[in-house]
Amino acid sequence: MHISAKADYAMRALLELAREPARPLTCEAVASSQQIPFRFLKSVVGELRKAGLVRSQRGCEGGYWLGRPADEITLLDVARAVDGELITLRGESLAGLDYPGPASGLPGVWRRLEADAAAVLGGTTLAALLPAEAGAGLDGKGTT
């Protein structure tokens, strides 16, 4: 299984924004704090903005905020926003995959793997990953 740099950077950037939700952060600040290449992060944040996971404001008081509360954004939301399909085989969706003969059971394994990964990522919110001091009022599972 492969986790793209884009998905990893997107999740790390959103966690950085979730840590201090009351104030906007610049891409430069997030890139520096998370040791992410600035130019790459800038394009990732653009995709997150299009997906509604971040919002932005221009100007000297501007920057980026989460587009929704941290307990409403799952890692699955983030992965799908930047990568589309969660798991692909040679760049193709697993939906119509079919093999002949003795390999006929293999596509079902790939689809189960995708479903299990989606369940883990879909069951994990940004809030659940925040350190206790950043997630004041949360029980560590992304709920209050």
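Does T74 count as buried or exposed?

Author: T74 counts as buried, because its relative accessibility is 14%. Buried means under 20% relative accessible area, exposed means over 50%, and partly exposed lies in between, all with a 1.4 Å probe and protein chains only. Some ground rules come next. This is a predicted model, so local features need pLDDT of at least 70 and side-chain atom pairs count only at pLDDT 80 or more, while totals for chains, interfaces and linings use all residues. Residues are numbered from 1 along each chain as its sequence is written, and side-chain values use heavy atoms, with hydrogens and water left out.

Where does T74 sit? It is found in the loop between β2 and α4. Helices (H or I, at least four residues) and strands (E, at least two) are DSSP runs, numbered from the N terminus. T74 is in contact with L121, G122, T124 and T125, leaving aside its neighbours within four places in sequence. Contact means heavy atoms within 4.5 Å.

Now step into helix α4. V78 is found there. V78 is buried, because its relative accessible area is 0%. Apart from residues up to four places away in sequence, V78 touches A10, M11, L14, L48, L53 and I73. The C-alpha atoms of V78 and E47 are separated by 9.7 Å. Along the chain, these two are 31 residues apart.

Three of those partners, A10, M11 and L14, bring us to helix α1. Helix α1 covers residues 5–19, which makes 15 residues. From first C-alpha to last, α1 reaches 21 Å. That is close to the expected 21 Å at 1.5 Å a residue (the expected span is 1.5 Å times one less than the number of residues). Buried in α1 are A7, Y9, A10, M11, A13, L14, E16, L17 and A18.

Charged pairs come next. A salt bridge is a side-chain nitrogen of Lys or Arg within 4 Å of a carboxyl oxygen of Asp or Glu. By this rule the count comes to five salt bridges. One of them joins E47 and K6, with the closest N and O atoms 3.1 Å apart. E47 counts as partly exposed because its relative accessibility is 23%. K6 also counts as partly exposed, at 24%.

R12 pairs with D8, and their closest N and O atoms are 3.0 Å apart. Both lie in helix α1, four residues apart, about one turn of the helix. An α-helix has 3.6 residues a turn, so residues three or four places apart point the same way. R12 counts as partly exposed, at 23% relative accessibility. D8 is partly exposed too, with a relative accessible area of 32%.

R68 and D77 make a further bridge. Their side chains meet at 3.0 Å, N to O. R68 counts as partly exposed because its relative accessibility is 29%. For D77 the value is 28%, so D77 counts as partly exposed as well.

Last, the space inside. On a 1 Å grid over the protein atoms alone, a cavity is a set of points where a 1.4 Å probe fits but cannot get out, and lining residues have an atom within 4 Å of a point. Points are joined across faces, edges and corners, and a volume is the space filled by probe spheres set on them. How many cavities of 30 Å³ or more does a search of the whole structure find? The search finds one. The largest cavity has a volume of about 40 Å³. Its lining is made by A13, L17, L25, T26, C27, V30, L41, V45 and Y64. The elements that give two or more residues to this lining are α1, α2 and α3. By class, eight lining residues are nonpolar, one is polar and none is charged. Here Ala, Val, Leu, Ile, Met, Phe, Trp, Tyr, Cys and Pro count as nonpolar, Asp, Glu, Lys and Arg as charged, and the others, Gly among them, as polar. A13 and L17 of this lining are also among the buried residues of α1.

Note on methods. On a 1 Å grid over the protein atoms alone, a cavity is a set of points where a 1.4 Å probe fits but cannot get out, and a pocket is an open set with protein on both sides within 12 Å along at least five of seven lines; lining residues have an atom within 4 Å of a point.
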